[in-house]
Amino acid sequence: MRASLIQLAVSDAEPPAERRARAAALVRAQEGADLVVLPELWALGGFAYELWSQGAEALDGPTAEAMSAAAKAIGAWVHAGSIVERDPDGPIYNTSLLFAPDGELAHTYRKIHRFGFDSGEAVAMGAGQEIVTAATDFATLGLATCYDLRFPELFRALLDGGAELLVVPAAWPARRREHWTLLARARAVEEQAYVLACNTAGTHGGVEQAGASIVVDPWGRVLGEAGAEEQVLTVELDPAEVAKARAEFPVHRDRLLGIPAPVQR
Ligand SMILES: NC(=O)CCC(=O)C(=O)O
């Protein structure tokens, strides 16, 4: 299968509507891909907190509309990255949207781990409560978003949910670029799964983004890595390699499910 990661440059200067149109055109240009992935909060900006409340969208808002039409136009699964979701009955959420090749919104995932400690996303947004896997015609996807990458227990739960390809949209800053690539490889090795991690480029909200979108195979090998600028990273991968890696090196068989409590000496 072919996956295209659209590492969009997100700047404060570009109006969200223009970026939305540009992103839709980039998705439509990926004819032949089975899966297209966009970054986290690319329409408004992952660190452009002041835009979130006013720019929040419904699940059938302008980003969803543009991405649904683009998925249908090229007949591909489109992981549209995430939007600031307006829930009429609750807070705003950082919500990922996965569209099927017929343009239907097949799955959503509300980011569980919110970034910022006592500021930013951690205070402005609600936390997701559900772990989401998604069956497609080529593999089962496990959904996670950016800061989630630091929480291996989420990825273990995705493994238990059948995930073979872990898809991680992000707005990850340049100053922690080494963490990003290291953690993407670690999650691939731990879960013996592909990791497709799509970051933003550019600078917004005063935070320079790392770029460095990356695709890692179940052995931890990097199949492709983007530079720092806007770029489409396209890789060919074989989902059957997941089962092969797990059979050849059956490390998950040795999991200690009931880990004993530490002994006090
Ligand atoms: N948008 C994010 O979740 C940023 C995460 C981050 O910067 C980090 O984990 O480091």
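Helices here are DSSP runs of H or I with at least four residues, numbered from the N terminus. The model on display is predicted.

**First stop: helix H7**

Select Lys244 and Glu241, which both lie in helix H7, 3 residues apart, or about one turn of the helix. The two residues form a salt bridge, with the closest N and O atoms 3.3 Å apart. Lys244 is partly exposed, with a relative accessible area of 47%. Glu241 likewise counts as partly exposed, at 26% relative accessibility.

**Second stop: the segment after helix H7**

Proceed to Arg255 and display Asp160 with it. Their side chains meet in a salt bridge of 2.8 Å, N to O. Arg255 belongs to the segment after helix H7 (240–248) and Asp160 to helix H5 (residues 152–160), so this pair ties together parts that are 95 residues apart in sequence. Is Asp160 buried or exposed? At 53% relative accessibility, Asp160 counts as exposed, whereas Arg255, at 27%, counts as partly exposed.

Select Arg177 and Glu225 next. A salt bridge joins their side chains at 3.5 Å, N to O. Because Arg177 is in helix H6 (residues 177–191) and Glu225 is in strand S13 (residues 222–225), the pair ties together parts that are 48 residues apart in sequence. Arg177 counts as partly exposed at 29% relative accessibility, and Glu225 counts as partly exposed at 36%.

For the model, the count of salt bridges comes to 15. In general, side chains of opposite charge can pair when their charged atoms come close.

Now turn to the largest nonpolar core, which has 46 residues. Which residues have the most contacts inside it? They are Leu35, Leu141, Leu165 and Leu196. Strand S9 (residues 194–198) gives the most to this core, contributing 5 residues.

Centre the view on Leu196 and show its surroundings. Leaving aside residues up to four places away in sequence, Leu196 touches Ala3, Leu5, Leu35, Leu165, Leu166, Val167, Val168, Ile214, Val215 and Leu237.

Finally, select Ala64, Ile74, Ala76 and Leu97, which are among the 22 residues of another core, lying apart from the largest one. In soluble globular proteins, nonpolar side chains tend to be buried together.

Note on methods
Residues are numbered from 1 along each chain as its sequence is written. This is a predicted model: local features need pLDDT of at least 70, side-chain atom pairs count only at pLDDT 80 or more; totals for chains, interfaces and linings use all residues. Side-chain values use heavy atoms; hydrogens and water are left out. A nonpolar core is a set of buried Ala, Val, Leu, Ile, Met, Phe, Trp, Tyr and Cys residues joined through side-chain atoms within 4.5 Å. Buried means under 20% relative accessible area, exposed over 50%, partly exposed in between (1.4 Å probe, protein chains only). Helices (H or I, at least four residues) and strands (E, at least two) are DSSP runs, numbered from the N terminus. Contact means heavy atoms within 4.5 Å. A salt bridge is a side-chain nitrogen of Lys or Arg within 4 Å of a carboxyl oxygen of Asp or Glu.
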